Amino acid sequence: MASAVPESPRGVRLAAGALCAGFGVLLVRAVLAIPEDHSGLAPVVAERLVDSGVKHPVTAVLLNFRSYDTLLEIAVLVLATIGVLSVAGSHPRVWAPVAEEADPVLSALARLLAPFMVLASGYLLWAGEHAPGGAFQAGAVLGAAGVLLALAGYARPAWVTKFGLRVVISVGFIVFLAIAVGVMFLGGVLLEYPRDYAKALVLIVETWLTVSIGAILVSLFIASASPIEELRARTGSGR
Amino acid sequence: MTDALLVHMPALAVVVPLVAAPIAFLAGARWGRPVALFATALSIPVAFVIAWMASTAGEKLRYQIGGWDAPLGIGLVVDGLSATMLLVTAVVGFAITVYSLGYFAEQEKYRFFWALWLFLLASLAALFLSADVFNLYVGLELVSVAAVALVGLSGKRDALIAAMRYMLAAILGSIFYLFGVALLYGAFGVLDLAHLAAVLGPDVTGQAAFALITIGLVLKTALFPAHFWLPPAHSNAPSPVSAVLSALVVKGSFYILLRLWTDVGDPSYVPGMGTLLGVLGATAIVWGSIQALRQERLKMLVAYSTVAQIGYLFLLFPLVEIAGRHVADAWSAGVFHAVSHALAKSAMFLAAGAVLSRFGHDRIEGLGGLSRRAPVTMMAFGLSGITMMGLPPSGGFVAKWLYITASIESGAWWWAVVVLAGGLLAAGYVARVVVPGFAKASADASDADVDAGRLPKHMELAALSLALAALVLGVLGQPVLDLMVVGDPASGVIP
């Protein structure tokens with residue numbers, strides 16, 4: 001395998017090594033110079049945690065104090081998925097089973113595990129309120145369940161049509177954005193949750209985000225897995 | 001009620017395209033078009049109101065998202081610089097949208113264009129307004145992901161390779177930037193730009209962070225010698241995408257550099273950095289122009305012209321370092337150049353795209369008779385060329401004039417020599433297109449060319465209006481010059 005990559009000349013490798021070493025020294029110096037007491041904004045977060053509607057500081061930062069970052073990060077995920085769908089150019093094939101002939105053992109195991117993975121995902125979502133967890137972790141487990149089912153040869157569910165898939169991919173972002181803008185009509189600024197509803201709104205956002213993150217991960221996996229041959233055929237004859 | 005609405009304008013600048021993007025995604029190609037047209041049209045009055053707010057306030061305005069004050073929450077900042085960039089984004093964004101209506105006419109292959117395009121505009125607005133170094137990172141990521149996807153939109157081999165290379169460069173740039181942000185947070189414990197400016201001291205960690213961030217952003221801005229990814233990416237993308245990449249996307253990362261080096265810190269924060277950036281900029285001007293002179297394809301020529309024009313932006317840093325902020329107005333020169341280049345370069349790429357559709361190819365030697373076959377496009381190209389060369393009365397002239405004055409007044413005349421030389425070289429590569437364009441079509445070329453029929457009027461007019469805007473900017477540039485320094489801490493101390 002390695003022989004396929006042409007080796008760079010010795011001089012280039014030495015120069016690259018020297019550059020990396022110098023860079024490393026600079027980084028070590030910079031990191032060592034960081035003051036011992038680097039609590040940063042943690043005390044401020046702890047102080048204002050009661051106003052956030054949740055009990056876990058990470059969730060409070062992600063979904064309330066810095067929810068704008070999270071909103072844009074979800075936009076990154078949706079955007080990346082659109083990018084992959086656009087490049088893969090095979091919308092109808094997305095969600096087609098990856099493996100044509102499924103292994104019966106894998107198939108049975110996936111069938112057995114999938115409900116538990118959905119359950120675990122739900123638990124992680126709920127736990128995020130007071131312990132490490134939340135939409136990203138829950139969505140990752142949900143996505144893993146989807147990937148497992150696809151590998152085991154289960155075709156996409158009938159309700160996932162072209163349009164349905166686009167809805168599932170973007171619903172988390174849309175709900176989040178709708179709430180972000182909706183609270184402005186209650187007299188607040190963008191993403192300003194009314195104190196009493198903060199917990200409920202955070203939970204609604206997280207639930208829909210979980211669904212979308214799961215769908216996005218599965219779509220990224222399958223969209224980039226299935227049409228490789230087609231892509232290769234297209235790029236080979238391109239131009 | 002109107003006051004209440006005014007307060008939310010900065011949020012609306014981001015929200016309008018951000019709401020439109022998923023609608024376009026769900027609605028598909030057919031309905032994506034009116035959605036994009038409506039959203040980009042709406043963005044123009046929003047940007048004007050924000051500019052008006054900035055200039056009447058005369059100082060930095062803030063909008064605290066979620067109602068959380070900095071440093072806990074994330075703020076949006078409205079000052080002359082962000083308002084100027086938003087205005088350019090809105091104007092260029094709308095013109096490219098109008099052009100794209102014709103360019104991507106009902107092609108199922110490009111059905112994701114509208115969603116990607118609206119996401120890109122939303123992320124540029126988010127980036128230009130952000131007052132937080134980490135949020136700027138998220139904005140940068142959004143911009144890069146959207147831009148990479150748009151480069152690969154055609155799915156052709158060269159476009160996919162260019163997109164891949166662009167993505168690797170962009171990711172590397174992001175990693176450097178993020179590393180710098182982590183060091184800044186470790187050293188100073190805040191992410192908000194104003195808070196950072198207040199506590200920034202002569203600190204090794206802080207200097208290393210600024211250096212890392214600069215490396216990352218230089219990669220993303222394609223400053224020489226990190227420009228390698230730009231010509232293939234910008235020339236293989238569909239033309240409306242090429243236009244937005246050269247006009248706005250590279251300005252996004254440049255904008256962050258500007259914020260950090262002239263608003264949070266100053267160019268002397270890391271000794272030698274200002275000069276280094278200036279030298280790279282000067283090399284970019286010469287190298288990019290020479291490469292542009294050697295290209296055989298029109299879009300490659302225009303892309304290398306972008307490499308050269310990016311160089312001018314970076315002359316700002318050494319001049320501000322030597323002369324201080326407004327002793328001689330190098331800062332305004334740089335920002336004004338960013339604005340006029342955005343208008344002129346988008347016009348140039350849109351014109352090049354029109355040439356491609358009209359001739360079926362973009363080989364420069366085969367462009368004889370362009371002025372007869374597509375006079376409006378020819379005019380758009382020629383007028384934007386005037387700004388590239390920096391001839392009066394264009395916006396490019398004003399920017400170069402300010403640069404030359406600044407370098408002579410501060411005694412660093414050699415930067416003025418580079419500016420003048422760059423103008424001459426630009427005249428050379430613009431003439432390579434314009435001169436044969438006015439000539440008669442050569443006999444062998446005319447029958448080989450496919451006459452792809454008339455172009456929709458609105459496509460040619462979109463290119464022409466951007467070129468005219470770049471030209472008029474030279475005559476009516478004073479309001480823009482006044483706007484962009486609003487809220488700048490140094491603008492009050494003109495001697």
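The model is a predicted one, in which local features need pLDDT of at least 70 and side-chain atom pairs count only at pLDDT 80 or more, while totals for chains, interfaces and linings use all residues. Residues are numbered from 1 along each chain as its sequence is written, and chains are lettered from A in the order in which they are written.

The secondary structure of chain A consists of nine helices and zero strands; these elements are DSSP runs numbered from the N terminus, with helices (H or I) of at least four residues and strands (E) of at least two. Among contacts in chain A with a separation of 6 or more, 79% join residues 24 or more positions apart, a contact being two residues whose C-beta atoms, placed from the backbone, lie within 7 Å.

Helix α4 of chain A (residues 67–88) is worth a look. Its 22 residues should span 32 Å at 1.5 Å a residue, and the end C-alpha atoms are 31 Å apart, which agrees; the expected span is 1.5 Å times one less than the number of residues. Because 18 of the 22 residues of α4(A) are buried, this helix is largely enclosed by the rest of the structure.

Turning to the two chains together, the contact takes 47 residues from chain A and 49 residues from chain B. On the chain B side, α5(B) gives the most, with ten residues.

Note on methods: A residue is buried if 20 or more other C-beta atoms lie within 10 Å of its own, exposed if 12 or fewer, and partly exposed in between; C-beta atoms are placed from the backbone.
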